[in-house]
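Please open the structure in the viewer and follow the stops below in order.

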Amino acid sequence: MHEKTLKLLEFDVIRQRVAQGALNEAAARRILGELPAWDPQEVRNLKGLVAAVGDRIASGDPEQRDPLPDISFLLPKLGVAGASLVLDEAYALGVFIDRGEALKQWLLAGGRQDGEAQEPEQKLLRTLVLALPDCTSLAREVFRVLDKAGKLRDLPVLREIRQRIRTLTKDIAVLITRYTQAEDTRCMLQSSVPSQRDGRMVLAVKANFRGRIKGIVHEVSATGQTLFVEPGEVVEKNNHILIERQRLEGEIRRILREMTRRIAEQRQAIEAFHEGIIHLETIRARARYSGETQGHFAHGDDPGFGFSQGIILKQARHPLLGAQAVPIDFALEGHTKTVIITGPNTGGKTVTLKTLGLFVLMNQFGLALPAAPGTMLPFCDGVYADIGDEQSLSQSLSTFSAHMSTIAAIIAHATDQSLVLLDELGAGTDPEEGSALAMAILDHFMEKQVRLIVTTHQGSLKHYGYTQEQVENASVEFDAETLSPTYRILMGVPGESRAVDMAARKGIPGTIINRARSYLQDERADVSALIQGLTMKHQELHTALKRQQEEEQRLWEERRQADLRALRLRQQEGELKAGGVGKLRRLLEESRKTLENLVREVKEGELSREKTVKVKQFLHDLETTVATEDAALQEEMRVLAAEAVDPPALLSIPQAPWGLVKQQRLEATDPSYRSPSGTLNPPAGNSLHEPGLRPPQFSLKPGTPVLVGKYKRQGRVFRADKNGSWVVEIGSLKMRFPEHDLYPFPVSEEHQQPVIALPDLASDMSPRFELNLRGMRLEEAIEALRRQVDAAVLAGLREFSVIHGKGAGVLQQGVHTFLKEQPQVEEYYFSRPELGGFGRTQVVMKC
């Protein structure tokens, strides 16, 4: 694989864009130094990992997006005996481990539980993550000494020393105050505010009072008017402070040295953890780039695929052209080994070569491709390209000789699993000799079974494409009406160069254009007419194929609607049967109780006429009730039969009452559904699908839209849970439901079933990553903070920040008092100075 090919195809630009998505400098450097994989299994594993991480990013779970500090420079330091990490180094190590462990947990949370079926990509990712050592104890070791802001904690031994320093400082302040407030000494001072020199408290004494205040002169001002004197009675206190400060620094060094020693004992685990997290971050950067380009992974590098299935590009867009990219369709299938692309200049031939070559490199770099599903790229052991003009005056290389030097190197390295891209083959020399040499080169590559894509303007190569079994012609489409290229690839049809037409578009005078046309031979004109005829036939075939696809889509949609109508009939039939059985059960239960009462009355006394009348009345009422229910059932069956004859009637609403439950649901959302008589009628012209139809083959999987619960709330399946239940996303909430409470939700607008709108309790409970309380009164701020904590608990938000400002400290104190009383809050602390300091509080919720 030539490094020059990577630059020609601009693969280095793709690497730079992928590296920009990495959250760690070491991971970015590794991406910039990596090459496409040339081992088939390595390519499959890499794409599987990227796909699995991409699924996690797309799942909607909060992603760990905090940057990972670069600790690669300090790992060798852990191997030096007696070495000690400084505060910043220890903090970087602790943060890297802490965030690395969070990344591991986030990746593991997306896979299925042990024992459940897993996708191969998820299983591969889970195996990789679980192989990393657990370094949480090392992070605890670091943050036992440091706080979350990277400051040294107030440990008991340090607290004692600092307390002595504060006591001595206070004593010195008392002594200094005697000089600044006493009438006899205050006039001797340039300033009543003491200052420090070399960490010692001194007084600014006027030079003319030198000697009046006994002590040590530490410094004289530049003008000589001020002496900085340390009073004698303060000297001993300052000496004690200096000693205590040295003790404090020594104690800090000892603590850091002990912490470093304990960490260094697990150096191998740290190095393995660091290597694994960096590798995962390179995978995540690839997945993030693939998501940004809305790409799809190419198929074709599966075991046993080889090169026999060819190359298929569907709606392929060059990733560096952005919105200007024209989608390309390209196919190299069956026994075809070579494709010769012809057509006008600036028509897209070179872009096609670069897109194909770059896609192969991106595919083997583990990236999804900006193309439609169905794109197929086999594994390649190398990509070789000769594109552009490499004329060099310093090396005495002409355009032709530069091309020949590059092609010679390609011939020496290409194999039957290589992809070779040659631009303007045979150009730069005599056309006859260039064509002969080009055909000989094509013969050589076909003998070696090399996959070859060639662009050319040589007319003889078009004929060559028709005479060789393993060669296919292709062209870039040209609009004869506008005299401009359309940038579409037409497979099987050679193209005209259209040099005269392109020259006319670029401003060449008409007299010259007419003379050029007169020089064209009649045979050439005949060939042009043949090519134009083939192009028109190709367009007609494309139009017919498109109509066929539209007709197939229409027939499929009609069949789907018919299946839906049949499903609704079966559902209504089942509901009728279930309702009939339920009424019969209630009727039997009520009748049984009445009959028991009558029998008990007969047994308790004589058989009177009154009792006989009661029995006869009961039997008459029972007969009447059964006849009424039978008539209602027959009416329901008649309506159902009518709907079976006239399927569109399924979309209308029966005029019969809907029942109490439906009535209450509609009244709760729209009072207009109740008629003056009290019965419930739908608005005219509207249609209502009864949600909750459950087809026999209805299957659930993550991402399936469903209706859930009693009120048929719209949601989306998130993942499978234990005991046959499923976790469903409803708004920002995730809730667990048994499978029998989930119903299909039709996606198409034509068959979308209306859902009764109920207030979405979660819509106002979305937590914020940063809550700004500035400008609020204390009561308003505490209420907003209370809602934020509740929303964070419901949404599973692990950490957020509160901006309260400094001011008089009322908001700050109120926020901290409230957080202290919340059992859901694990800890809270002020942010780092660059993030807001005492005006911003970071809140960490309990897991």
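Two strands are said to pair if DSSP finds at least two bridges between them. The model shown is predicted.

Select strand β2 (residues 200-206) together with β4: the two pair in the antiparallel sense over four bridges. Within this pairing, Val 205 stands opposite Leu 227 of β4.

Gly 215 has Pro 231 as its bridge partner in β4. β3 and β4 form a hairpin with five residues between them, and Gly 224 in the turn has a positive phi of about 80°.

Turn next to the salt bridges, of which the structure holds 34. Select Glu 275 and Arg 30, whose side chains meet in one of them (2.8 Å, N to O). This pair links distant parts of the chain, with Glu 275 in helix α11 (residues 267-292) and Arg 30 in helix α3 (residues 25-33), 245 residues apart. Glu 275 counts as partly exposed because its relative accessibility is 41%.

Finally, select Arg 554 and Glu 558, which form a salt bridge with the closest N and O atoms 2.5 Å apart. Both lie in helix α18 (residues 522-604), four residues apart, about one turn of the helix.

How values were computed
Residues numbered from 1 in each chain as written. Predicted model: local features only at pLDDT ≥ 70, side-chain atom pairs only at ≥ 80, totals over all residues. Heavy atoms only, no water. Salt bridge = Lys/Arg side-chain N within 4 Å of Asp/Glu carboxyl O. Buried < 20%, exposed > 50% of the residue type's maximum accessible area, 1.4 Å probe, protein only.
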